[in-house]
Amino acid sequence: MSQISKDLLDMRDNNIGRLFQHAGRNYSERALALLHIRGFSDITLFHTVLISNLDTRGAQISAIAEKAGITKQAMGQLVNDLEKKGYVKKTKSADDSRAYMINFTERGKEALLAAYEVKVIIENEYKELLGIDNLESLREILKTLINGNH
C-alpha cells in the first residue's frame with residue numbers, strides 16, 4: 001500500500017466528522033439498549049427521531065419533520081408506526097383541518113421519562129470515563145462548534 005493510501009485511510013478513520021459520527025452512534029446505541037432494558041424494547045433507533053423531536057405539547061407532522069431534518073413522508077411513517085405501538089396519537093388539528101396534531105400517549109410519556117433517566121445514566125458513565133472537568137470541557141467545545149458553525 002502506498003504512503004498516500006495509508007494517509008488517506010488514516011484521515012478517513014480519524015477525521016473529526018467520522019469521530020463525531022461514531023461517538024453519536026455509540027451514544028444512541030447505548031441509550032437504546034438502556035431503554036430496551038426498561039421495557040421499551042419495541043422502540044428502534046429510527047423511532048428516536050420522532051420521540052426526540054416531538055414537543056411535549058404536541059406538534060404537526062410537518063413541524064416535527066422540519067425539526068428532525070427528514071421528509072414529511074418519512075415522519076408520517078414514523079408517526080403511523082409509533083401510533084400502532086401506542087406511543088403517540090394523531091388528532092385533527094384545530095388550526096388546520098388538513099393537518100394532524102401528534103401528541104404523546106401515556107406510554108409515550110413513560111418512554112420519554114425513561115429516555116431522560118437514560119441520558120443521566122450515560123452522562124454519569126461519561127463522567128466516570130472522562131472525569132468531570134473533561135466532560136464539562138467537551139460540553140462547552142460542542143456548544144461552541146454547534147453555535148459557531150452557521
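Let's start with α2 and α6, two helices that are oblique to each other, a label for angles that are not under 35 degrees (roughly parallel), over 145 (roughly antiparallel) or 65 to 115 (roughly perpendicular). Their axes come within 9 Å and cross at roughly 125°; axes here are lines fitted to C-alpha atoms, for helices over the stretch in contact, with angles running from 0 to 180 degrees between N-to-C directions. The crossing is right-handed, meaning the near helix is turned clockwise from the far one by less than a right angle. Helices are DSSP runs of H or I with at least four residues, strands are E runs of at least two, and both are numbered from the N terminus.

Before I go on, this is a predicted model, so local features need pLDDT of at least 70 and side-chain atom pairs count only at pLDDT 80 or more, while totals for chains, interfaces and linings use all residues. Residues are numbered from 1 along each chain as its sequence is written, and side-chain values use heavy atoms, with hydrogens and water left out.

Which residues make the contact of α2 with α6? From α2 they include Ala 23, Tyr 27, Arg 30 and Leu 34, and from α6 they include Ala 111, Val 118, Ile 122 and Tyr 126, where contact means heavy atoms within 4.5 Å. By class there are 12 nonpolar, 1 polar and 3 charged residues; Ala, Val, Leu, Ile, Met, Phe, Trp, Tyr, Cys and Pro count as nonpolar, Asp, Glu, Lys and Arg as charged, and the others, Gly among them, as polar.

Helix α6 has another partner, α7 (residues 132-148), and these two pack at an angle of about 115° with axes 6 Å apart. Tyr 126 turns up here too, alongside Glu 123, Lys 127 and Leu 130 of α6, facing Ile 132, Asn 134, Leu 135, Leu 138 and Arg 139 of α7. That contact divides into 5 nonpolar, 1 polar and 3 charged residues.

Now the core. The largest nonpolar core has 27 residues, and Leu 50, Leu 54, Met 75 and Val 88 have the most contacts inside it. Such a core is a set of buried Ala, Val, Leu, Ile, Met, Phe, Trp, Tyr and Cys residues joined through side-chain atoms within 4.5 Å. Buried means under 20% relative accessible area, exposed over 50%, and partly exposed in between, using a 1.4 Å probe and protein chains only. Which element gives the most to this core? It is α6, with 6 residues.

Leu 54 touches Ala 59, Ile 64, Val 88, Ile 102, Asn 103 and Phe 104, not counting residues up to four places away in sequence. Beyond four places in sequence, Ile 51 contacts Ile 43, Leu 82, Phe 104 and Leu 112.

Last pair: α4 and α5 are roughly perpendicular to each other, with axes that come within 9 Å and cross at roughly 110°. This crossing is right-handed.

Setting aside neighbours within four places, Glu 83 is in contact with Val 88, Lys 89 and Lys 90.
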